[in-house]
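Reader: I would like to learn how to read the packing of a protein model, one feature at a time. Could you take me through some examples?

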Amino acid sequence: MTRRAADLLVDCLVGHGVDRVFCVPGESYLAVLDALYERNTVQTVVCRHEGGAGLMAIADAKITHKPGVAFVSRGPGATNASIAVHVAEQDAVPMILFIGQVPRNEIGRGAFQEVDYAKMFGDMAKMVATIENADRIPEVVARAFVVAQSPTPGAVVIALPEDMLEDRTATVLIEPMTVPRASGGAADDIERIAAMVAKAERPLMVIGGGLAAMPGRAAAVAAAEAHGLPVAGTFKRQELFPNTNPHYAGHLGFKIPRSQIALYSEADLVIAVGTRLGELSTQGYTFPLAPVPSQPLIHVTDDARHIGRNFATSIGIVADPTLFLEALAARPANPEPKPERNAWIAKLHNYVAGKRSWTPPKDGKLDMGAVVGNFGNRITDDAIFITDAGNFSGWLHKHVAFNGRQRMIGAVGGAMGGAMPAAVAAGLREPTTQIITWVGDGGVLMTGAELATAVQYGVPVKIFISNNGSYGTIRQHQEREYKTRVHGTALTNPDFAKWAESFGVKGLTIKTIEEAPKIVAEALDYAGPVVVDVKTTVDHITPGMTIAEMNSRS
């Protein structure tokens with residue numbers, strides 16, 4: 001018995017547990033859309049831009065810890081979706097991007113909208129394949145799911161010649177293949193590390209995205225408490241560890257105060273677990289210091305390619321980070337940590353906790369702290385926070401005490417425009433979970449059309465827009481580097497409340513600090529989708545310094 005290649009492809013996706021795909025339709029994969037029409041088990045989410053479709057797949061993967069799937073058309077569709085492939089590489093997120101391709105007899109001829117995807121995505125994707133033979137669909141799909149999820153996770157791109165999708169094939173499905181997983185580390189390695197931790201006076205454990213799932217978070221807490229370790233998250237990973245736990249030591253985020261970096265640098269041992277130790281999480285390769293750290297470095301990750309790549313390590317272990325920390329936690333601390341350890345843990349924790357409360361600015365001007373400061377008890381224990389790229393996210397990072405069960409979805413790689421698509425994907429995946437979205441006036445108009453997708457699929461998004469009329473992060477760099485010579489960063493924006501209303505969404509506006517409590521409460525209590533236009537001042541460019549203060553220091 002034969003079936004159409006497009007039907008076989010969709011059957012393969014179902015067999016791999018795919019229940020939702022994100023797409024912008026294109027004539028180059030019409031047969032797949034027709035096949036999806038027949039499958040009630042797979043929801044097709046129609047997006048307004050291929051970049052939005054890809055970024056929704058990224059957010060879906062971050063929530064499920066399984067590959068997100070997107071379909072786009074050739075040429076312009078693929079180039080629009082390329083932002084998601086880059087985010088997947090930077091953020092270590094499993095995703096599979098299917099791209100319609102020109103017919104097989106036109107490949108290589110420079111046909112209409114033809115692109116060589118192996119060249120285009122070769123430096124970003126973990127695997128790029130073109131399926132020219134329908135019989136190989138099950139094999140390629142099965143391999144794609146393994147590659148996307150294997151350490152380090154990332155994107156797989158599969159091109160589908162449109163004529164191939166109409167071929168008939170008798171090929172049978174292939175069951176999902178086993179994704180390789182590292183062990184928790186050898187017993188003697190655990191012993192060596194436990195001994196180094198016990199000997200140290202000021203150790204610091206740095207945890208990353210490899211511990212994002214709940215078992216990893218629990219293992220980090222258990223290891224920290226068993227061995228007296230302060231714990232800092234990497235960039236946009238501060239929610240992995242309960243922020244009120246005495247062992248919490250903040251996060252190595254973007255533009256954290258120099259005094260905080262100086263504190264971390266007092267460590268006499270660094271244990272990095274579940275992180276690649278990238279540029280931002282090492283503060284530009286200064287902590288740990290590259291190529292030879294100032295203190296012994298223990299690096300534990302499940303991908304050998306990242307151990308010793310930028311930093312000389314005292315101990316480098318290829319191990320599953322969760323299993324490693326579970327094994328470390330199970331090994332009793334012997335001897336007990338030195339008395340100085342408690343003072344070190346308290347010093348780090350008190351520094352971070354002491355800066356958490358938001359107080360109104362002395363000049364009375366509105367900043368995003370007025371929103372965070374009025375969240376109160378309306379934030380649920382399992383809330384999902386979504387952040388776009390930009391300085392405005394700093395108020396969320398600084399003033400929210402994440403409880404270790406809440407989640408945060410943001411672009412570690414710094415891509416703007418991810419927040420609105422992520423809000424839609426998160427709401428579709430977890431319709432009863434509170435989802436709070438934090439975005440700037442620049443990023444929201446990059447992908448804001450996906451608000452229509454939220455309305456189409458009944459997703460009650462809660463969007464807070466920092467509207468300061470500027471590409472704020474770049475403005476900050478200008479002020480620092482070129483002293484008031486501002487050019488190319490000013491924005492003219494719509495009335496975002498009225499903009500939201502044009503989609504059928506409730507629109508609210510905050511103009512002053514005094515208005516914030518009432519409107520924040522109204523937005524969070526509202527059952528449907530809502531957009532809040534927060535008219536912040538550009539002078540409050542970061543949570544820690546105004547433009548005026550920056551220039552006066554210059």
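This is a predicted model: local features need pLDDT of at least 70, side-chain atom pairs count only at pLDDT 80 or more; totals for chains, interfaces and linings use all residues.

Reader: How should I read the packing of two helices against each other?

Author: Two packed helices are described by the angle between their axes and by the distance between those axes. Here, helix 7 (residues 187-199) and helix 10 (residues 321-330) pack at an angle of about 65 degrees, and their axes are 10 Å apart. The crossing of helix 7 and helix 10 is right-handed.

Reader: Which residues of helix 7 and helix 10 meet?

Author: From helix 7 come Ile-190, Ile-193 and Ala-194, which meet Phe-324, Ala-327 and Leu-328 of helix 10. Sorted by class, the contact of helix 7 with helix 10 has 6 nonpolar residues, with no polar and no charged ones.

Reader: Is His-306 buried or exposed?

Author: The cut-off for buried is under 20% relative accessible area, and His-306 counts as buried because its relative accessibility is 11%. His-306 is found in the loop between strand 13 (297-301) and strand 14 (315-318).

Reader: Which residues does His-306 touch, not counting those up to four places away in sequence?

Author: His-306 touches Thr-152, Arg-276 and His-299. With Thr-152 there is also a polar contact, made side chain to side chain at 3.1 Å.

Reader: How many aromatic pairs are there, and how do I tell one kind from another?

Author: The count comes to 12 aromatic pairs, and the kind of pair is read from the angle between the ring planes, with under 30 degrees counting as stacked and over 60 as edge-to-face. Tyr-264 and Phe-287 form a stacked pair, at 6.1 Å centre to centre and with 25 degrees between the planes. This pair links distant parts of the chain, 23 residues apart, with Tyr-264 in helix 9 (residues 258-264) and Phe-287 in the loop between strand 12 (269-273) and strand 13. Both Tyr-264 and Phe-287 are buried.

Reader: Why is the pair of Phe-496 and Trp-499 edge-to-face?

Author: Their ring planes stand at 90 degrees, with the centres 5.8 Å apart, so the pair of Phe-496 and Trp-499 is edge-to-face. Both residues lie in helix 18 (residues 496-502), 3 residues apart, which is about one turn of the helix, and Phe-496 and Trp-499 are both buried.

Technical notes. Residues are numbered from 1 along each chain as its sequence is written. Side-chain values use heavy atoms; hydrogens and water are left out. Helices (H or I, at least four residues) and strands (E, at least two) are DSSP runs, numbered from the N terminus. Buried means under 20% relative accessible area, exposed over 50%, partly exposed in between (1.4 Å probe, protein chains only). A polar contact is a pair of N or O atoms within 3.5 Å; within protein, one must be able to donate a hydrogen and the other to accept it, and residues adjacent in sequence count only if both atoms are side-chain atoms. Contact means heavy atoms within 4.5 Å. Axes are lines fitted to C-alpha atoms, for helices over the stretch in contact, and angles run from 0 to 180 degrees between N-to-C directions. A crossing is left-handed if the near helix is turned anticlockwise from the far one by less than a right angle, and right-handed if clockwise. Ala, Val, Leu, Ile, Met, Phe, Trp, Tyr, Cys and Pro count as nonpolar, Asp, Glu, Lys and Arg as charged, and the others, Gly among them, as polar. Rings of Phe, Tyr and Trp (its six-membered ring) pair if their centres lie within 6.5 Å; planes under 30 degrees apart count as stacked, over 60 as edge-to-face and the rest as tilted.
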